[in-house]
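Please open the model in your viewer and keep the selection panel at hand. The tour below goes from one selection to the next and says what is found at each stop.

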Amino acid sequence: MAMTKSQRQLNFSIFRYLVLTFWLFIVAFPIFWMVGTSFKPDIEWFAWPPVYITENGTLQNYLVVWADASEYSESVHTQSLQRPWEALGNSTLISLISTTLAVLFGSVLAYGVSRYQILSEGRMFQLLMLRMVPPIVLIAPISIWYRALDLLDSVPGLVMLYFITTLPYAVWMSKSFIDEVPREMEQAAEILGASKWQTIWEVVLPLVRSGLVATFLFILILTWSEYLMALLLSKTNVVTLPIELSKYQGSTEGRVYGRQAALSVGITLPLILVGIIIRKHLVRGFSFGMVRR
Amino acid sequence: MSTTDASGIPASASPGNKRQVTREQGIRRFKWTVLTPLILLMAFLLLPAFLLQGYFSFFAFSIFDAGDSSGFSSYFKASEWVGLDLWKDAFSDTKFFNAILRSLLFSAGTTVCCFVLGFGLALLMYRPFRGQGFYYVFFILPMLTVPIVIAYTGEMILYQNGPLNDILSRITGQRVMFQFLYAKEVALTTIMFLETWNWTPFSFIIMMAGLASLPKEPQEAAQILGASKLRIFWEVQVPLLRPVILLALILRFLEAMAEFPKTWGLLQGGPGSATETIPIYIFLNAWQYFDISYGAVLSYIVMFLMIFIIMGAIWLLRREKKNLDDMYQAPNQEG
């Protein structure tokens with residue numbers, strides 16, 4: 001009896017490793033291919049049979065994309081528009097500002113909902129619509145409105161939209177953390193004469209710090225990789241990284257896989273690094289108050 | 001303890017009352033300090049857009065009509081009243097109708113795939129085992145990859161001389177040159193695979209959170225009573241996980257309805273109209289054919305459709321949340 005049980009456990013364990021390793025392969029392959037291609041010289045981009053691990057590894061693609069602007073422009077048709085570092089700066093600025101605003105404002109709002117029901121449950125669910133109605137349905141009139149306000153192609157224009165479309169997630173995620181903070185500490189702070197804002201900043205938010213970090217990352221993912229709004233509302237002045245990458249589509253000299261991969265690695269790396277650092281907090285953040293412990 | 005006489009009650013109650021009032025005032029002030037900026041932002045950003053959308057759905061306008069002076073007021077001068085004509089067009093537009101069906105198929109398909117994979121992986125992984133952290137890090141990577149990067153990396157892999165065709169060639173022993181992207185019949189499926197790859201981690205993480213939070217007692221009780229693993233799964237774990245499952249399905253479905261970068265980045269709705277989903281079709285009308293007005297009409301219809309779907313989703317979620325709240329408020333009967 002004991003034998004069969006441990007036998008079954010062993011079988012399960014083998015089965016688990018097989019399945020997980022198979023999925024690991026599926027998950028890792030595109031990333032492996034992207035990184036691999038970024039080091040390939042141009043004759044290997046379209047070679048048949050495809051080159052899996054290049055023996056002629058080169059940094060050329062990275063140099064062309066990230067260092068040598070003049071050569072970079074020649075390799076892609078849309079010359080003067082290629083500005084990866086500027087795009088990196090814009091992406092960083094826009095996503096950090098809008099994510100910070102969304103998480104800060106969202107967590108204060110979530111605190112209000114959690115403690116004082118400043119939004120009813122129905123309103124909380126309606127808030128989700130800001131996220132769940134696809135942005136494509138309002139983006140044309142918003143671009144006309146932005147043109148009138150001179151907000152087209154500007155940092156604040158995108159920040160405002162990213163803020164409002166990610167706010168629902170910020171509120172819902174941070175609320176699930178704040179709900180679990182015991183109220184005794186706040187009551188103690190209140191008795192000691194702290195104002196509501198002091199209580200929030202100095203007692204409640206520090207207690208849910210790790211939750212806010214997870215919320216921050218998730219929203220950062222969404223804003224960093226946002227494509228549609230950035231494509232339609234900013235084209236020349238304020239170019240973000242995904243848009244910079246999509247310019248390869250307009251290339252008339254055919255696909256330049258190596259260059260494209262070198263830029264892709266640059267876009268993806270920051271998110272992956274942040275993600276790996278805070279992976280432990282992620283699981284907690286994604287229950288949206290739909291689990292209890 | 002003897003101060004419960006008639007004069008004592010108002011004396012002790014009146015300052016309390018006063019504090020009650022200031023407390024309520026404080027909450028109200030806090031409430032409006034927080035909500036006012038949000039309401040102002042929505043009034044400033046979304047309301048005008050909404051109204052403009054309405055205007056242009058009754059007054060035909062295309063960027064071409066505005067001529068060179070593309071100022072705001074010229075938009076209004078160049079537009080002309082067409083009443084419900086565009087709405088009639090939209091309701092008899094079979095391409096639009098097909099786009100809606102395609103989007104629903106795309107979203108439902110990818111939602112199910114993401115969920116089954118994510119839940120399956122979470123079931124295999126939620127108990128600690130050697131290598132758990134290693135697999136976990138890799139499994140969340142796709143979610144951290146920018147969709148437009150996935151689109152272009154996907155193109156490199158699916159290209160007819162790409163590694164996927166190579167692997168298939170090696171397995172089958174003959175030269176496979178399958179057109180994953182440019183064959184009409186499979187293009188949408190290919191995009192669905194990319195979407196599934198991209199967002200399985202989302203379902204995976206949600207289900208990990210759900211499984212980690214399950215109370216152990218009901219499972220142990222069922223085990224002692226001799227229930228099989230399968231029965232425990234279906235009759236104990238799944239019912240307890242219902243709110244989380246619903247959440248994972250709904251969020252994924254609604255996000256998939258808005259999927260744009262991968263579809264656009266790879267195929268722009270083609271080949272033919274094989275990948276024309278709702279966002280692509282609206283995009284084509286408003287931004288490629290510059291027909292702002294027809295785009296506005298389509299957008300309105302989609303907005304109502306989405307609000308209808310979201311209301312249904314909200315109704316379901318609220319019901320689950322209420323059940324959950326009731327369950328945890330009721331005296332704990334298992335213990």
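**Stop 1: chain A as a whole**

Select chain A, in which buried residues make up 48% of the 293 residues; a residue is buried if 20 or more other C-beta atoms lie within 10 Å of its own, exposed if 12 or fewer, and partly exposed in between, with C-beta atoms placed from the backbone. This is a predicted model, in which local features need pLDDT of at least 70 and side-chain atom pairs count only at pLDDT 80 or more, while totals for chains, interfaces and linings use all residues. Residues are numbered from 1 along each chain as its sequence is written, and chains are lettered from A and ligands numbered from 1 in the order in which they are written.

Coloured by secondary structure, chain A shows 15 helices and zero strands, where helices (H or I, at least four residues) and strands (E, at least two) are DSSP runs, numbered from the N terminus. Among contacts in chain A between residues at least 6 apart in sequence, 78% join residues at least 24 apart; two residues are in contact if their C-beta atoms, placed from the backbone, lie within 7 Å.

**Stop 2: the two domains of chain A**

Next, select residues 2-75 as domain 1 and residues 84-285 as domain 2 of chain A, bounds that come from an automatic or database domain assignment. Their C-alpha centres lie 29 Å apart, and the contact takes 13 residues from domain 1 of chain A and eleven residues from domain 2 of chain A. On the domain 1 side, the elements that give two or more residues are α1 and α2 (60-67) of chain A, and α2(A) gives the most, with five residues.

**Stop 3: helix α10 of chain A**

Now select residues 196-207 of chain A, which form helix α10. How far apart are the end C-alpha atoms of this helix? They are 15 Å apart, which agrees with the 16 Å that twelve residues should span at 1.5 Å a residue, the expected span being 1.5 Å times one less than the number of residues.

Show the side chains of A:K196, A:T199, A:I200, A:V204 and A:L205, which are buried in α10(A). They cover an arc of only 130° around the axis, so they lie on the same side of α10(A); the arc is that of the directions from the helix axis to the C-beta atoms. The face turned away from this buried side carries the exposed residues A:E202 and A:P206.

**Stop 4: where chain A meets chain B**

With both chains displayed, 72 residues of chain A are in contact with 76 residues of chain B. On the chain A side, helix α1 (residues 2-38) gives the most, with twelve residues.

**Stop 5: the largest nonpolar core**

Finally, select A:L158, B:I205, B:I206, B:M207 and B:I282, which touch the most other members of the 167 residues in the largest nonpolar core; such a core is a set of buried Ala, Val, Leu, Ile, Met, Phe, Trp, Tyr and Cys residues joined through C-beta atoms within 7 Å. Helix α8 (residues 187-213) of chain B gives the most to this core, with 14 residues.
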